[in-house]
Each structure stands twice: as C-alpha cells, then as structure tokens.
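Here's a quick briefing to keep beside you while you look at the model. Have a look at the chains first, then work through the points below.

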Amino acid sequence: MFHWLEKHPFFFAVAVFVTIAFAGLIEILPNFAEASRPVIGTKPYSTLELAGRHVYIKNSCNACHSQLVRPFKSETDRYGHYSLSGEYAYDRPFLWGSKRTGPDLMRVGNYRTTDWHENHMKDPSGVVPGSIMPAYTWMFKNTADIDTAYAEQITVNKVFNTPYNQELPMADGTKATVKMAATLDEAHADALAEAKVIAADMKDQDVKDAVEAGQIPEIVALIAYLNSLK
Amino acid sequence: MENRPLEYDYTVAKMFMLTTVLLGIVGMLVGVILAWEMAFPAVNTIAGSGLAEYTNFSRLRPLHTDAVIFGFTLSGIWSTWYYVGQRVLKVSMAESKFLMFLGKLHFGLYLLVVVSVVVSLLLGVTTSKEYAEFEWPIDIAVVVVWVTWGMSIFGLIGIRREKSLYISIWYYIATFLGIAMLYLFNNMEIPTFFASGGIGAWYHSVSMYSGTNDALVQWWYGHNAVAFGFTVPIVAMIYYFLPKESGQAVYSYKLSLLAFWGLMFVYLWAGGHHLIYSTVPDWMQTMGSVFSVVLILPSWGSAINMLLTMKGEWQQVAASPLIKFMILASTFYMFSTLEGPIQAIKSVNALAHFTDWIVGHVHDGVLGWVAFMIMASLFHMAPRVFKREIYSKSLMNTQFWIQTLGVVLYFTSMWIAGITQGMMWRAHDEFGNLAYSFIDTVAVLHPYFTIRAVGGTLYFLGMFLFAFNMYKTMTSSRRVEESELQNASPMGA
C-alpha cells in the first residue's frame with residue numbers, strides 16, 4: 001500500500017491529511033459546546049476595559065505574564081482561586097500566556113490598586129526592587145483607541161451574542177449590567193466617565209490634564225482593564 | 001535519449017538562500033537583544049527612552065519568534081525545497097515557464113509579507129496568539145503565499161520523471177498540508193471594522209473562539225506549527241542531505257515508513273501538553289501527555305535511521321564539518337524529542353510550565369537541530385548552486401564549535417533557571433506559608449540569564465561566520481567541475 005501511495009501523489013496527500021486531521025476532530029470539536037458557558041459573576045468588558053485589553057495585547061504583556069491560576073496550593077496561595085473555564089467566556093483572544101517572567105495577573109484587580117499600577121508602570125524597579133520589567137512610559141502619552149474597542153463590542157455582541165445591556169447574575173446575588181453604547185459618541189462619553197474615576201486616583205498631572213480635556217491616555221485604559229481582573 | 005545529467009535551475013533556491021541568511025541574522029539579533037534585556041533591564045532603553053516603545057522586551061519578543069520561524073526557518077525550508085524538489089523528482093524548474101514564474105512570485109509575495117510583519121509587530125499590531133500574531137490582512141497574504149508554494153509543489157510533482165516520491169517529498173507535502181490546516185483554523189477571526197459598519201482600526205479583528213476553546217485551538221496550532229515547521233521539513237532535509245553528503249544509502253526504508261506515518265498520526269494529539277492543569281478537560285490534558293510520550297517513537301525512528309545511515313562511515317564525522325553539523329543536529333533532535341515528552345508528564349509539567357526550562361527546551365531544539373540542519377543544507381547546496389567550493393573548511397569548523405558551545409550554555413543555564421524558579425514558586429515554609437515572594441524567584445535567575453545571553457551571543461557570532469563563509473563561497477571561491485560534486489562537498493582550507 002505504501003509503495004502504491006508513493007507513486008500516487010494525490011492519494012498520498014489525502015492519506016496524510018486524513019491522518020493529521022483525525023486528532024483535531026476528536027480532541028477539539030467535542031469541547032466547543034461545553035467550554036464557553038460563563039460562570040456566575042463573569043461579565044463582558046466595558047469599552048474602556050476593552051481598550052485597555054488592547055493596550056495589554058499591543059505591548060505583549062502576555063509574553064511575560066500568565067492569566068491562568070493552576071489548581072495547586074502554591075498558586076492559590078499566591079494568586080487566589082484557581083481558574084475556571086467559564087471565567088474566560090468573554091476573552092477573545094484568551095490571554096493565558098506561556099511564560100511567567102513576571103507573576104500571574106488573572107486576579108490582579110483583587111490586590112493591586114490604580115495608584116500601585118501607575119507607579120509601577122512608570123518605574124517597575126522603584127516599586128519592586130530587583131524587578132526586571134521595563135518601564136512603559138509611552139503609555140502615559142499615547143492615546144487609547146476607544147473606536148476600535150467599541151467596534152469590537154459591537155462585533156462580539158452581534159456575532160457571538162455577548163450579553164451587553166443585559167442583567168447578569170453576580171456571585172453575591174446581585175445583578176450587574178455592562179453597557180454598550182448606542183453610538184460612537186456615546187461610547188466615547190461613557191469611556192471618558194469611567195476614565196475620570198481612574199484618573200482621580202492617579203498623580204501624573206499630564207494624565208489628569210489629558211482626561212480633563214477629554215483624551216484617554218493608554219495607561220488609564222490599561223489600569224481599568226487590570227482593575228477588572230478579579 | 002541523450003545520456004547526460006539534467007541541468008537544474010536554482011534561481012528560486014538562491015533567492016530563498018539569501019533570505020535564510022539575512023532573516024536568520026535579524027531574528028537572532030533580536031533574540032540576543034531580548035536575552036540581554038532579561039539579564040540587564042537597562043538594555044530595554046538602549047536606543048534612548050524616546051524609542052523605548054520599539055526596543056523594549058515585550059514589543060520585540062513576537063518579532064524574534066516570528067523572524068526565526070517564518071523568516072529564517074521558512075526561508076530555509078523553501079530554499080531546500082526548490083533545490084531538493086527538482087533533484088529527487090528528476091525535473092528542472094527551467095522546463096516549465098509557469099513553475100518558474102510561480103517560484104519567483106512565491107518569493108516576491110513572501111518578501112512583502114516579511115516587510116509587513118516586521119512593521120506591524122513593531123507597531124504593536126498583534127492578535128497576541130503565539131506564532132499567529134498577524135492580523136487578518138497579513139493572514140490572507142500568508143494564505144496566498146502558502147497556496148503559491150502548494151501549486152509549485154504539486155506542479156513540479158505533476159511533471160516529474162521519477163515516478164516514486166522520495167522520503168523527503170513526503171515530508172514536504174506533509175509540511176504544506178499540516179501548516180495549511182492549522183493556520184487556517186487558528187486564525188479564524190472577524191474583522192471588527194466591517195462587522196461594526198466601519199468603526200475603529202481597519203486591520204483589527206476578534207477571535208472566533210473564546211477563552212478555553214481559543215486556547216485549545218491555539219495550542220493545537222502552536223504545538224503543531226512546531227511539528228510542521230521545525231520537525232517535518234527539517235527531517236525532509238536530513239533524509240536528502242545526509243545520504244548525499246556522506247555517500248551512504250538511507251539505513252532502513254521500513255524505519256522511514258514507520259517514522260513518517262507514526263509522526264503524522266501521533267504529533268497532532270500532543271498539543272494538549274501545553275494546557276496541562278489549565279481549564280481544558282482533564283481527558284484532553286491526559287491525551288496530550290500520553291501522546292507526547294508515544295511521540296518519542298517516530299521521532300527517534302527518524303533520528304536513529306539517520307545515525308545508522310552513517311554506519312561504518314563514522315570517520316566522516318571527524319573529517320567533515322558538514323557531516324558534523326548534520327550528526328549533531330540529529331543528536332539534538334533525539335535529545336530534544338526526549339526532553340519534550342519528559343516535560344509533558346503531568347507532574348513534571350506542574351514544575352516546568354511557565355518557567356525558563358521550556359524556553360531552554362525550545363532552543364536546544366531550534367538552535368541545535370533546526371538551525372544546524374538548515375545551515376548544513378545550505379552548505380551542501382552552495383557548491384552545487386554556485387559551482388564553487390565552500391570557501392573555508394576551518395571557518396566552518398570554528399563556527400561549529402562556537403555555536404555548539406553557545407547552545408550548550410543556553411540550555412544548561414535555562415534548565416537550572418527553570419527548575420530553580422519552579423521549585424521556589426512552590427516552596428512553603430514550616431507554617432505552610434509561601435517561602436518566597438515572586439521577586440525573590442526573579443532575582444535568583446540573574447546569573448543564568450547572563451549565561452544564556454552569552455550563549456546566545458556566541459551562537460549569533462557563528463551566524464556571521466556562516467554568512468561570511470557563504471558570501472565568499474558565492475563570490476570568490478575556487479570554481480569546481482560537476483565531477484567534484486558527487487558526494488562530499490568540496491571545501492577550501
């Protein structure tokens with residue numbers, strides 16, 4: 001049979017393809033219906049948070065930081081409850097990372113503050129002596145891309161039914177609603193309102209001035225995202 | 001029929017040779033910068049704080065991986081394809097104007113993709129998925145390049161004289177099919193600009209899969225991009241170039257059959273080992289783990305087949321630096337395909353995952369196996385393509401030892417770094433509290449990061465020797481006759 005295949009390239013290629021495709025069919029497909037159901041307390045990202053997530057991705061934070069707490073005592077002691085599949089239901093793409101040059105950030109919003117992030121992003125080794133993380137000073141100057149974040153909200157809402165403007169059950173029994181604006185201008189206004197809350201806790205005068213003037217620096221969006229990780 | 005050997009046309013092979021060397025240097029330069037940044041963070045602002053956005057670790061990291069995978073390695077694969085393909089199918093590219101055009105188009109489009117990838121990654125335009133960072137416009141261009149290559153493969157096969165496909169061709173076909181399938185499925189994404197009616201960045205997209213599913217697809221891709229980029233086509237190379245250079249027949253046809261079909265079947269299952277103790281279902285993690293161990297069989301099948309091909313001819317290893325490169329590559333392949341399965345065992349993975357041990361594993365594979373084999377292939381091709389002897393044997397020997405030392409420093413330091421950090425992360429004191437804060441486990445790595453950076457720099461220096469040797473071979477080496485090109489490549493002192 002093998003000799004025959006080697007003389008018939010088309011059938012050879014088909015045989016190879018079937019052989020390699022087999023594993024994917026069995027391993028990946030069955031999980032698709034199961035895995036994307038959100039657990040209680042999981043919310044989609046707000047416009048500003050999503051813009052911050054884009055800043056996180058733009059700077060490949062995931063190259064050094066994981067967002068996956070494994071079920072070991074040493075990890076739950078350090079980072080909090082181990083990760084559940086449903087917690088990632090609205091993560092497109094997933095940001096688990098594959099290397100922890102720095103610590104896990106899955107639940108960083110539980111134990112770090114806006115103030116801490118501001119100082120740390122400006123001068124990591126000033127906050128954590130011995131840190132090898134570079135400073136991200138340009139995030140204080142670049143403006144966050146709210147348009148694209150809003151476009152992504154519309155897309156996931158339309159295509160994947162990501163539940164914006166709907167009441168969602170929270171872990172403490174209350175309900176929460178994440179808003180998606182009806183227009184781009186409204187989205188900007190909402191993001192700015194959210195940004196003002198963050199900027200109020202910050203010290204950098206340029207950032208405060210920018211937000212006051214209606215601009216949202218990348219750092220503000222990033223901190224909004226990091227604070228949402230719980 | 002005239003009784004004279006076919007004249008092959010190596011125009012396209014030469015083009016890809018050039019990008020192999022150039023992108024190899026670029027990709028490894030970025031790698032070396034990254035290594036020094038981890039050892040000495042001040043290097044992050046080496047071009048001044050104004051440009052720090054483009055020189056800092058996180059922005060450069062995807063550029064390193066993509067430049068060495070899709071730049072250096074892919075160029076090497078294609079360069080050897082446009083050389084080996086003609087020779088084992090016994091047909092010249094010059095015989096078909098269409099295939100010649102296709103080959104040149106392939107190269108031209110590839111260059112465009114390379115430039116757009118470099119620009120977009122430096123600007124931070126990325127999907128974040130490892131080795132699949134490109135946004136949708138580039139993804140489409142990649143698919144076009146890939147299809148062009150596929151047409152070239154099957155076009156050449158279509159007009160072949162040798163009816164039976166040689167082992168290397170099996171592996172090239174598998175590379176084409178495997179990457180095509182993986183790349184398409186992993187990059188399923190929706191452009192937000194169009195879905196939202198024209199809002200935001202036109203190039204931005206959102207993944208079709210979310211969370212755990214996204215991770216599953218990504219590591220099914222990520223792991224097997226390694227399979228079909230770093231293993232399958234490199235095996236194609238060694239099955240052709242080692243027998244050619246040594247003048248020995250492949251040791252066992254049956255073993256090559258077993259290894260090929262075994263590899264095809266088993267490799268795809270092993271992707272799950274990237275997700276052990278994550279939120280993907282347990283049975284999938286176990287499958288990933290088990291199949292990773294089974295994967296030793298087909299991997300070692302090829303490696304042993306190659307080593308036994310040298311049976312009775314081991315003096316060639318001492319005599320020829322070119323054979324040295326190939327034998328060491330094959331040995332590193334065995335080494336790396338044993339190390340991988342060990343790391344895929346659940347309890348080992350619990351320690352090793354997220355640490356530098358994984359980085360070490362990747363690099364003993366790519367530096368020791370992939371890059372050595374690609375460089376050996378190019379060294380073997382050079383005299384045949386340029387009709388000149390290899391410029392300097394002693395330079396080749398020097399390069400071999402410098403780079404071997406570089407690899408050894410790299411993986412040994414990363415083993416120690418990874419295991420040290422893994423042990424420190426999990427250490428508890430007598431009261432059950434964590435023994436170390438995270439920063440303690442970073443500070444302790446400084447010496448190993450430094451050793452790794454030295455190892456990487458040595459390897460990078462070797463790349464320059466390689467480039468210089470190739471350049472001299474091309475331009476000013478002694479001209480050789482066809483009769484000198486039977487087996488062992490002619491080399492100058």
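Predicted model: local features only at pLDDT ≥ 70, side-chain atom pairs only at ≥ 80, totals over all residues.

**Chain A on its own**

- Chain A has 11 helices and 2 strands.
- Going along the sequence, the order in chain A is α-α-α-α-α-α-α-α-β-β-α-α-α.
- The C-alpha trace of chain A spans about 75 × 45 × 35 Å along its principal axes.
- Take the contacts in chain A with a separation of 6 or more: 72% of them join residues 24 or more positions apart.

**Where chain A meets chain B**

- On the chain A side, 70 residues are in contact with 74 residues of chain B.
- Helix 1 (2-7), helix 2 (9-28), helix 3 (32-35), helix 4 (47-58), helix 5 (73-79) and helix 8 (146-160) of chain A each put at least two residues into the side that touches chain B.
- Helix 2 of chain A gives the most to that side, with 12 residues.
- Sorted by class, the chain A side that touches chain B has 38 nonpolar, 17 polar and 15 charged residues.

**Chain B: helix 1 against helix 18**

- Helix 1 (residues 11-39) and helix 18 (residues 446-476) of chain B pack at an angle of about 160°, and their axes are 9 Å apart.
- Angles over 145 degrees count as roughly antiparallel, so helix 1 of chain B is roughly antiparallel to helix 18 of chain B.
- Helix 1 of chain B passes helix 18 of chain B in a left-handed crossing.
- Helix 1 of chain B brings residues including B:Gly24, B:Met28, B:Val32 and B:Trp36 to the contact, while helix 18 of chain B brings B:Phe449, B:Gly456, B:Phe460 and B:Met463, among others.
- This contact of helix 1 with helix 18 of chain B has 16 nonpolar, 6 polar and 1 charged residues.

**Chain B: helix 13 against helix 16**

- Helix 13 (residues 321-344) and helix 16 (residues 393-426) of chain B pack at about 25°, with their axes 9 Å apart.
- That angle makes helix 13 of chain B roughly parallel to helix 16 of chain B.
- The crossing of helix 13 and helix 16 of chain B is left-handed.
- From helix 13 of chain B, B:Pro321, B:Lys324, B:Phe325 and B:Leu328 meet B:Lys393, B:Met396, B:Asn397, B:Phe400 and B:Thr404 of helix 16 of chain B.
- By class, that contact between helix 13 and helix 16 of chain B comes to 5 nonpolar, 2 polar and 2 charged residues.

Conventions: Residues numbered from 1 in each chain as written. Chains lettered and ligands numbered in written order. Contact = placed C-beta atoms within 7 Å. Helix = DSSP H or I, 4+ residues; strand = E, 2+ residues; numbered from the N terminus. Nonpolar A, V, L, I, M, F, W, Y, C, P; charged D, E, K, R; others polar. Axes fitted to C-alpha atoms, helices over the stretch in contact; angles between N-to-C directions. Parallel < 35°, antiparallel > 145°, perpendicular 65-115°, else oblique. Left-handed = near helix turned anticlockwise from the far one by under 90°.
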